[in-house]
Amino acid sequence: MLTFTIRRLIIAVPTLLFISLVIFLLLELAPGDPMAQVPLTVPPEVKEKMRLALGLGEPVHIRFWKWLVQFFWIEPQVLIDHIFGTSFSAGDLRVISWQTRSPVMDIVVQRLPQTLWVVGTAYIVAILIALPIGIYSAYRQYSWFDQMGTFVSMVGFSVPPFFSGVLVIVIFSVQLGWFPSIYDTTLEVNSWETFVKQLQQMVMPVMVLALQITAQLSRFMRASMLDNLNQDYVRTARAKGLGEYTVVMVHVLRNSMIPVVTVIALGIPSIFGGAIITEQVFKVNGIGQLLIGAIQANDLPMVQTLTFIFAVLIVLFNLIADVLYGILDPRIRYD
C-alpha cells in the first residue's frame with residue numbers, strides 16, 4: 001500500500017504540471033482584456049504601462065514559469081512564515097489578483113471559512129442522511145419507505161438550486177420569517193447568541209445543498225446495496241446462522257461502500273470549490289462567488305489559481321479513494 005501511494009504521488013506531479021499548463025493556455029486564449037474596466041479617460045500610454053505592470057508584456061512561457069514558481073515555491077513559504085513566524089518569503093513577488101491588486105491566496109483564505117461553514121456542513125449532513133436511507137431502501141426494496149425515498153431523490157435531482165433556493169427563501173424567510181434571506185458574512189461567532197445567528201443563517205443554504213447531495217448519494221448507496229444483497233456470500237452467511245444485522249451492516253455494507261467511497265471522495269473537492277449557484281442565491285461570500293466575480297472581471301490569476309486548486313484536490317482525493325478501496329476490501333492488493 002505504501003509503495004502504491006508513493007508511486008501515485010510521483011505520477012501526480014507531471015499530471016498536475018500538465019493540468020496547470022492546459023489551464024494557463026486556455027485562459028490565454030479566452031477573450032477579454034484586463035484593461036477593459038479602466039475608464040476611457042485614461043490615456044493609452046498609461047494603460048500600456050498598467051499592462052506591463054501586470055506582467056502582460058512578457059512572453060507566455062515566461063509568465064507561466066513565474067506563476068509556477070510563485071504558486072509552488074513562494075506561496076508555501078508564505079504559509080510557513082504565517083505558521084512559524086519566519087521570514088522566508090520576505091520581498092518575494094506573489095500571485096497578485098488583477099481585480100484587487102492583492103495576493104490571490106490571501107483572498108482565498110479569507111473566503112474559505114464561509115464556504116466550509118455552508119458547503120462543508122451540507123456535505124456532512126447529506127452523508128449522514130443519504131447512507132441510512134440508501135441502506136434501508138435497498139433492504140426494504142419496493143416498500144413505502146423505498147418509494148418515498150425514490151420520490152424525494154427524483155425531486156432532489158430534478159429541482160435546480162436556483163429554484164429550490166428561491167423557494168425556501170419565499171417560504172421560510174418571507175412568509176414564515178424564521179430565517180434571514182441573506183447570509184451575513186461579517187458575522188463573528190464569539191458568543192452563544194452569535195453562534196445561534198450563524199446556525200439560523202446556515203439552515204436554508206445547507207438545506208438546499210443537502211437535498212441535492214442526498215439525492216445523489218442515496219441512489220448510489222441503494223444501487224450498490226441491492227447489487228450485493230443478491231450475491232452468493234450473503235446467502236452463505238445467512239446459512240451459517242449469522243444474524244441479519246451482521247450480514248447486512250458488516251458484510252454487505254462493507255462491500256457496498258466501495259463505489260460509494262468514490263462518489264464521496266470525488267465530491268469533497270466541491271466543498272472547497274463552493275456552491276456557485278447557492279452562494280449567489282443566498283449571497284454567501286465564499287469561493288464560488290469569488291470565482292464568478294473573477295471570471296466576470298477577467299481576473300486571470302484568480303481564475304487560474306482557483307481552477308488549479310480544484311484540480312489538485314481532485315487528484316488528491318482520487319488517491320485517497322483508491323487507498324480506501326484496499327481498506328474496505330482486503331481482496332484488493334496494490335503491491
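The legends below describe close-up views of a predicted model.

**View 1. Crossing of helices H7 and H9 in the predicted model.** The axes of helix H7, which spans residues 192-229, and helix H9, which spans residues 244-267, come within 9 Å and cross at roughly 135 degrees. Because of that angle, H7 is oblique to H9. The crossing of H7 and H9 is right-handed.

**View 2. Residues in the contact of H7 with H9.** From H7, the residues that take part are Gln 216, Leu 217, Phe 220, Met 221, Ser 224, Met 225, Asn 228 and Leu 229, and they meet Val 248, Val 252, Leu 253, Asn 255, Ser 256, Met 257, Pro 259, Val 260, Val 263 and Ile 264 in H9. By class, the residues of this contact divide into 13 nonpolar and five polar, with no charged residue among them.

**View 3. The largest cavity and its lining.** The count comes to one cavity of 30 Å³ or more, and about 50 Å³ of space lies in the largest cavity. Its lining is made up of Gly 156, Val 159, Pro 161, Ser 164, Val 208, Leu 211 and Gln 212, which by class are four nonpolar, three polar and no charged residues.

**View 4. Helices H6 and H7 at the largest cavity.** Helix H6, residues 161-175, and helix H7 each supply at least two residues of the lining of the largest cavity. Helix H7 gives the most to this lining, with three residues; H7 is also the helix whose axis crosses that of H9 at roughly 135 degrees.

Technical notes: Residues are numbered from 1 along each chain as its sequence is written. This is a predicted model: local features need pLDDT of at least 70, side-chain atom pairs count only at pLDDT 80 or more; totals for chains, interfaces and linings use all residues. Side-chain values use heavy atoms; hydrogens and water are left out. Axes are lines fitted to C-alpha atoms, for helices over the stretch in contact, and angles run from 0 to 180 degrees between N-to-C directions. Helices (H or I, at least four residues) and strands (E, at least two) are DSSP runs, numbered from the N terminus. Angles under 35 degrees count as roughly parallel, over 145 as roughly antiparallel, 65 to 115 as roughly perpendicular and the rest as oblique. A crossing is left-handed if the near helix is turned anticlockwise from the far one by less than a right angle, and right-handed if clockwise. Contact means heavy atoms within 4.5 Å. Ala, Val, Leu, Ile, Met, Phe, Trp, Tyr, Cys and Pro count as nonpolar, Asp, Glu, Lys and Arg as charged, and the others, Gly among them, as polar. On a 1 Å grid over the protein atoms alone, a cavity is a set of points where a 1.4 Å probe fits but cannot get out, and a pocket is an open set with protein on both sides within 12 Å along at least five of seven lines; lining residues have an atom within 4 Å of a point. Grid points are joined across faces, edges and corners, and a volume is the space filled by probe spheres set on the points.
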